[in-house]
Structures are given as C-alpha cells and as structure tokens.
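Reader: Hello! Could you walk me through this structure, a few questions at a time?

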Amino acid sequence: MRAQTRQGLRSSTRQQGGRRRRAVSAAAAMAIGVMTLSALAPPAASAAAAARPDAVQQSLNALVRDDGMPAALASVQDRNGRTRTYTAGVGDLTTGSKVPRDGQVRIGSNTKAFTAVVVLQLVGEGKIGLDATVDTYLPGLVRGEGIDGRRITVRQLLQHTSGLPEYGIHVDDDEIRNRYFEPRELLDIALRYKADAAPGTTWGYSNTNYVLAGLIVQKVTGRPLAEEMDRRIIKRIGLRHTYFPAPGEMTIREPHPQGYHRNPADGPLRDFTEMDPSAGWAAGQLISTNSDLNRFFTALLGGRLLPAAQLAEMRTTVPAGTSGLRYGLGLTSRPLSCGGVYWGHGGDIAGYETRGGVTDDGRAANVAVTSIPTDEAATQHVKDAVDRALCG
C-alpha cells in the first residue's frame with residue numbers, strides 16, 4: 001500500500017512518499033548479525049557464513065544499526081534453488097526476543113500482484129476482458145468528478161493509469177488499526193474526490209484501482225476475493241505460510257516479529273503488530289513470509305500461474321518515476337547493479353515493509369523490515385539489500 005494514511009499505508013514505488021526522518025532505537029540495535037541457513041545449505045557454507053558475514057547479512061545488520069529498524073529478515077534463493085534465510089535485530093523491542101527465522105509479516109502491496117494474477121487468470125478463461133470497461137462488470141458504480149467507469153478499463157486499473165484518486169490519504173492511523181472497512185466503503189472514500197488525471201494519460205499509483213479490481217473478481221466469480229486467491233494461487237503452488245486474514249482478524253497466526261510504526265516521523269515507535277488490515281483489502285491485506293514470496297514470484301515468472309499470453313501482458317510495463325522502475329499489470333521491474341532487472345512488487349503497511357523479486361534466470365530474494373523507513377536513505381538501503389542479494 002502507500003504512504004497515504006499519514007504513513008499508515010504506503011506504495012511499493014515511493015513516488016508520492018512524505019517526509020522521512022531517521023528512526024534510531026537503541027533497543028533495535030541489539031542482537032544484530034543473526035543468520036540462519038536452511039537445510040539446503042551445506043555445513044561448510046554455513047560455517048563460512050558464520051565466520052564472515054556475507055553482503056546480505058551485512059546489509060541487514062546496517063538496516064538495524066544505522067537505519068533504526070527493529071528487525072530485518074531476508075530469504076535468498078540462488079539459480080540452483082538453494083535457499084538461505086537471514087535475520088538481524090530483535091523480534092520484540094520489549095522482551096528482546098529473537099527474530100523468528102522466515103517469520104510471517106504483513107506484505108502490503110505485494111497483495112496487488114496476487115490480485116492481478118486472479119484477474120488475469122479470469123482474462124485467460126474469457127470471463128474478463130482487459131480492455132473492457134469497469135462498467136461492463138460494475139455498471140454505474142464508478143462515478144465522480146472527472147470519474148466515469150464507462151471510460152476506465154480493467155487494464156488501466158491493474159497498470160495504475162486510470163487516474164482514480166487515492167482513498168488512503170483520507171484514513172488516519174487509528175482507523176487503519178482498529179476499524180473494519182468494507183471494500184465499497186474504501187471506494188466511496190475515493191469517489192468523494194476529483195480524478196487525478198484522465199484515464200490512460202499518465203501513470204499514478206492508487207490503491208483504489210485494486211479495490212475495484214477485487215470487486216470485479218467477486219462480481220464475475222460470485223465468490224469472495226480471499227477464496228479465489230486461496231484456491232487459484234496459494235493452494236495451487238503450496239504457499240504454506242500465506243493467507244488472507246478473515247474479517248476482524250487482527251493477529252498474525254504464525255511466528256512473527258513485532259511490527260512498529262512511527263507517526264509523526266519524529267514520534268515514538270508504536271507496536272502495530274495487531275491491526276485490522278481491511279483498509280488494504282485487494283491492495284494490501286495479505287500476510288506471508290519472505291520464502292513464500294520468493295516461491296510465488298518464481299512460480300509466476302516461470303509460467304505456473306498464467307498462460308503465456310496473460311503473463312506477457314503482465315510484463316508489459318510503463319515508466320513509473322525516474323529511478324528506472326517500470327510498472328506492468330500488478331508487477332514491477334527494477335534495474336540491478338549487476339545488469340538486467342528483477343521482477344516483483346514490494347509493499348508497505350503500518351509495521352512492515354517488504355521488498356524483493358526474481359530474475360529471469362531464477363534468482364530470488366525478499367527482504368522485510370519491521371518498521372516503514374522514515375527517510376529516503378533508509379528506504380534506499382532496503383532496496384540495496386535486495387540488489388546485493390540478487391547480485392551477490
């Protein structure tokens with residue numbers, strides 16, 4: 001999600017992020033440098049890594065030590081499928097407990113990639129048209145100042161070129177944390193405001209697009225979005241630690257680091273682990289792990305979730321800012337320092353930030369931190385950790 005609710009919801013792209021300040025916690029600097037290796041890693045590699053931390057571990061250590069992240073976690077998969085998991089910091093600032101290896105986190109806008117996959121599967125089945133209008137499926141629902149669902153296409157929703165306004169900036173932290181939102185309520189909030197642009201004229205990140213995409217899925221299938229996502233993606237590729245929280249479910253089910261939120265930027269860190277994620281819904285509600293995200297994006301790019309034609313559509317991108325980021329249909333590409341690009345999404349929601357993706361040759365990495373960075377330097381350091389993991 002995006003930095004739209006006074007830092008409560010943030011986008012994966014940071015194109016409209018607010019002011020940030022470094023958040024340093026002495027407690028967060030404890031216990032850095034913990035790395036665990038999966039059973040797939042040979043003992044010799046484990047011993048060598050323990051003796052001399054590699055670039056990924058050093059990056060996570062720095063996120064805790066220098067950028068004030070309470071904890072950082074990563075999962076890295078090489079071309080041969082060997083996986084390493086890493087941790088740094090503490091899982092709970094109050095108790096000083098260890099960070100759970102590959103613990104569950106709220107994955108924010110990575111949810112958009114899952115929603116887009118469901119939509120594109122329905123396109124492949126002939127039930128949704130990418131260039132059909134929103135009104136085809138939700139007649140009369142999308143109307144406002146400069147807003148007309150008869151002029152906005154499904155493709156524009158998935159690509160963030162609809163011009164629809166963002167609802168998140170109009171929801172405060174207390175509402176995000178405690179209130180249950182119906183999807184239609186989120187849409188109604190957005191429709192009180194005028195369009196950001198005419199459909200198809202410019203790229204502009206808006207969670208409203210994916211709320212509408214989720215509503216279209218439900219209208220076409222006659223089933224809840226969470227059920228379709230579970231059936232079509234999560235169970236299909238064996239994501240054992242990924243789920244869509246049920247209505248009113250505020251806790252995280254499996255071992256997890258606590259998530260912390262700072263708002264205003266110079267305020268104290270507050271524990272935001274327990275919250276109602278319904279303000280994210282199709283745009284940002286999922287919970288997962290770094291390893292499950294690697295599995296998801298690897299399966300997606302490997303053609304296991306979409307027919308070739310729909311995967312090609314998903315990978316057709318437009319520029320999204322000036323950093324080299326490009327946005328497709330719920331999928332981004334970002335340049336690597338070692339050449340080429342990686343494909344993923346990323347996401348923020350109060351308490352957690354996740355970044356990562358996969359390369360065309362099979363490398364995968366995902367990094368999570370347990371507080372949304374409050375300055376651009378820290379944000380870049382999270383991205384740099386992904387780059388080092390994929391280029392190492």
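Reader: What span should the 15 residues of H8 have at 1.5 Å a residue, and how far apart are its end C-alpha atoms?

Author: Good place to begin! This is a predicted model, in which local features need pLDDT of at least 70, side-chain atom pairs count only at pLDDT 80 or more, and totals for chains, interfaces and linings use all residues. Residues are numbered from 1 along each chain as its sequence is written, and side-chain values use heavy atoms, with hydrogens and water left out. Helices (H or I, at least four residues) and strands (E, at least two) are DSSP runs, numbered from the N terminus. The expected span of a helix is 1.5 Å times one less than its number of residues, so the 15 residues of H8 should span 21 Å, which agrees with end C-alpha atoms 22 Å apart.

Reader: Is H8 largely enclosed or largely open, and how many of its residues are buried?

Author: Buried means under 20% relative accessible area, exposed over 50%, and partly exposed in between (1.4 Å probe, protein chains only). H8 is largely enclosed by the rest of the structure, because its buried residues number 11 of the 15.

Reader: Which residues does Gly214 contact, leaving aside neighbours within four places in sequence?

Author: Gly214 sits in helix H8 (residues 207–221) and is buried, with a relative accessible area of 0%. Contact means heavy atoms within 4.5 Å. With those neighbours set aside, the contacts of Gly214 are Thr115, Leu225, Trp281 and Ala282.

Reader: How do strands E3 and E4 pair, and over how many bridges?

Author: Two strands pair if DSSP finds at least two bridges between them. E3 and E4 form a hairpin with five residues between them, and the bridge partner of Ala71 in E4 is Gly89. Strand E3 (residues 71–77) and E4 are antiparallel, and their bridges number seven.

Reader: How many residues of strand E4 are buried?

Author: Strand E4 covers residues 83–89 and is largely enclosed by the rest of the structure.

Reader: Is the disulfide of Cys338 and Cys391 left-handed or right-handed?

Author: A disulfide is a pair of cysteine sulfur atoms within 2.5 Å, and the structure holds one. Cys338 and Cys391 are joined with an S to S distance of 2.1 Å. The pair links distant parts of the chain, 53 residues apart, with Cys338 in the loop between strand E13 (332–335) and strand E14 (341–344) and Cys391 in helix H12 (residues 376–391). The torsion about the S-S bond of Cys338 and Cys391 is about -75°, so the disulfide is left-handed.
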